[in-house]
Amino acid sequence: MLAWQDPVTYIHGLTAQQRRVLKALEVETVGDLLSILPRRYDDYSNLVKIAELPIGEPVTLKVKIKTLNKMPTFRRRIVIIRGVLEDETGSISVTWFNQPWMLEQLKSGDEIYVSGAARRHPRFGLGFSSPLWEPATTETLAAGNIAPVYPLIGQVTQKTLRKIMKAAVEDLNVVEDVMPPKVVEEQNLPSLLEALRLVHRPSSQEDAERGRRRFVFDEVLFYQLALRLARNLADHGGAPQIKFDEKFAKKFVAGLPFELTADQKRAAWATFQDMSQGRPMRRLVQGDVGSGKTVVAAFCAAMVYRSDLSTAFMAPTDILAKQHALTLQRFFKPYNIPILLITSSTRYVVEGGEEVKLTVKEAKERLSRGRVVAIGTHALLEREQYPADLALAIVDEQHRFGVAQREALTVLERPDAVVPHLLSMTATPIPRSLALTLMGDLEVSVIRTKPAGRLPIMTKTLVGEAGRELAYRAMKDAIKRGEQAFIVCPLIDPSDKLGSKSVEEELRRLRIGPLKDVKLLSLHGKMSAAEKDQAMNDFKEGKADVLIATTVVEVGVDIPNATIMLIESAERFGLAQLHQLRGRIGRSDKRCTCFLVATDEDANLSRLKVLERSNDGFVIAEEDLKIRGSGNVLGYEQSGRGIFKYARPEDVAVMAQARDVASQILKEDPLLQSNDKLRERAEFIRNTAHGE
Ligand code: ADP
Ligand code: MG
């Protein structure tokens, strides 16, 4: 007898070691534990032999370790373990990265199961790169022969997790299901209890899949309810009406230093249309880096000002907020539109052609008077210090999916209960197959064509030290021409979350060696906002030739003079993220090159080569989705906590099913007033989605 809400310690027959494991996993209830679903299942009845090993298909092999050795690498923090595995039909190579403990756990002669997809390597022949493995002596604990493979957390073994899960799910008999029974029946879903048994103790792959789909359905349904409930609540409040001033629009367009692209015009006009209705707009502008989203935002803010109302323009960092303030000043100059910049380090107002520095109190006071375009970081919104006449909130550079989702869930209500329009801008192209599910009924504008006259960024995949040398040479040539370069370092050491060690180590290495005569500057997450600003400004002003940084530079800072980017250990980044990163260069008519330096040939180079072929963020996002699955696209890997725990891109059918059911439920009960459990769940999702 075990209930979903019971503490995990109630699970029958736990050993002291298992209790420690559970504590380390930070799971408190039986429900928390059983919510960790298997990533996949190993079918041990269908083992493959080396002689018949297919390439590129996930398989499981039972093999003996012939050799296993640590390889010398020049970078201290990277550990490569290479070995040979054999069975009676042949042998294959294997490589593990950054798992030094493997050498303590395994030795030659040991029998193990390895699971993964084999690849052919130019130097080492057929083999596996970082496959999952498990001692072959382990009782596989599989019902039938289907063994759940759980996501491994810390150093907990599959064996331990399987044992605990088995004990828990076999004893479980009380689960509260908030899904209306009518839905469960009509959609032909297994009950929650049955679904749990199916996923944790399946007797076939089909069973496991049927169970998993129940979790996907629930997850997407509740998420859709949360999104649509937010939408309905916003509609309930109504929105300020912005009149479309055509004469002004024409003048604004004519006064710009460049011709707007057709996509930019379409995005702006769609926004004007939305804002002229009494219904709060929720529009997402998707446009690749450098596609020119800022001017669209500026145009919309100007239009709001023509209606005598305020705009809050929010950027993710101080640096970007300042950059936007300068850009908007240029665009707004002929029209005397007041701009108020509020960041932690700088506050000023530009009004009547004059720039006046402000104290914190003065800035607040000016903000509350309204009729202004206020620019700041997201704190502007969070501290709820926006003006009473706020009509438009613009949120820029949300290229993390998670953040864009949260906005879709936001109802930013003014004191008078009116809900301002929301314009969100992202550089992450969202594949169509996912957009509907992720965004609910958020309107989407796409800026696909880049401003004319841009040269595409040349991208080159290089390997190891030899490749790096080539990149340094190109870098020095560019510096001679008076141009600048970025070097991006990955976070290598897990303890180095902010990248300070990686960056400092790289700085030291370059300073005494390859870039000895070059002026270097560093930027990483451990620096204070003021220090980061300083470094960025210094770089912008040309005080250094090369900026060595973590992915902090990923966000939209505009440094047109930077023409080279070198990304170290490029194989560690997702394609979409690499694309974001290289978007920091290519912001002028100068020829730009991005070097992706892979650690060694074992890195999946063909994946990186997608970036050599394409400069189109949408193409890249689709590729990323295909290669890596939803993990990266949905933001799991980047934020560590995704929107969806269970849904994968291939679940489109279940997603659509859940969306339809959500629409149906809300059609009958738009604010879920007669369905407390569903409303509580939707509200829970909205609330938890806000804090990060
Ligand atoms: P992002 O979409 O990445 O935010 P920005 O708005 O920063 O891009 O624009 C990148 C650069 O392109 C800026 O220097 C901007 O002035 C310029 N730009 C924007 N639109 C056009 C256009 N239609 N023609 C020429 N240059 C443009
Ligand atoms: Mg931008």
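Two strands pair if DSSP finds at least two bridges between them. The views below are taken from a predicted model.

View 1. One residue pair can be picked out in the view: L85 has I92 in β5 as its bridge partner.

**View 2. Strand β4 and its pairing with β3.** Strand β4 spans residues 80-87 and is mostly covered, with 6 of its 8 residues buried. Strand β3, formed by residues 58-71, pairs with β4 over 7 bridges in the antiparallel sense. Within this pairing, G83 in β4 is the bridge partner of L68.

**View 3. Strand β3 alongside β6.** Residues 111-117 form strand β6, which is antiparallel to β3 and joined to it by 7 bridges. In this view K62 can be located opposite Y113 of β6.

**View 4. The open sheet of 7 strands.** The strands follow the order β7-β8-β5-β4-β3-β6-β9, and the pairing across this open sheet is mixed. At the edges stand β7 (119-121) and β9 (132-135); each has a single partner strand, so one side of each lacks a neighbour in the sheet. From one strand to the next, the twist averages 45 degrees. In a regular strand, side chains alternate between the two faces of the sheet.

**View 5. The crossing of helices α7 and α24.** Helix α7 covers residues 205-237 and helix α24 covers residues 652-668; their axes come within 8 Å and cross at roughly 45 degrees. Because of this angle, α7 is oblique to α24. The crossing of the two helices, α7 and α24, is right-handed.

**View 6. Residues at the contact of α7 with α24.** On the α7 side, the contributing residues are R213, V216, F217, V220, L221, Q224, L225, R228, L229 and N232. They meet V654, M655, Q657, A658, R659, V661, A662, S663, I665 and L666 of α24. By class, the residues of this contact of α7 with α24 comprise 13 nonpolar, 4 polar and 3 charged.

Methods. Residues numbered from 1 in each chain as written. Chains lettered and ligands numbered in written order. Predicted model: local features only at pLDDT ≥ 70, side-chain atom pairs only at ≥ 80, totals over all residues. Heavy atoms only, no water. Axes fitted to C-alpha atoms, helices over the stretch in contact; angles between N-to-C directions. Helix = DSSP H or I, 4+ residues; strand = E, 2+ residues; numbered from the N terminus. Parallel < 35°, antiparallel > 145°, perpendicular 65-115°, else oblique. Left-handed = near helix turned anticlockwise from the far one by under 90°. Contact = heavy atoms within 4.5 Å. Nonpolar A, V, L, I, M, F, W, Y, C, P; charged D, E, K, R; others polar. Buried < 20%, exposed > 50% of the residue type's maximum accessible area, 1.4 Å probe, protein only.
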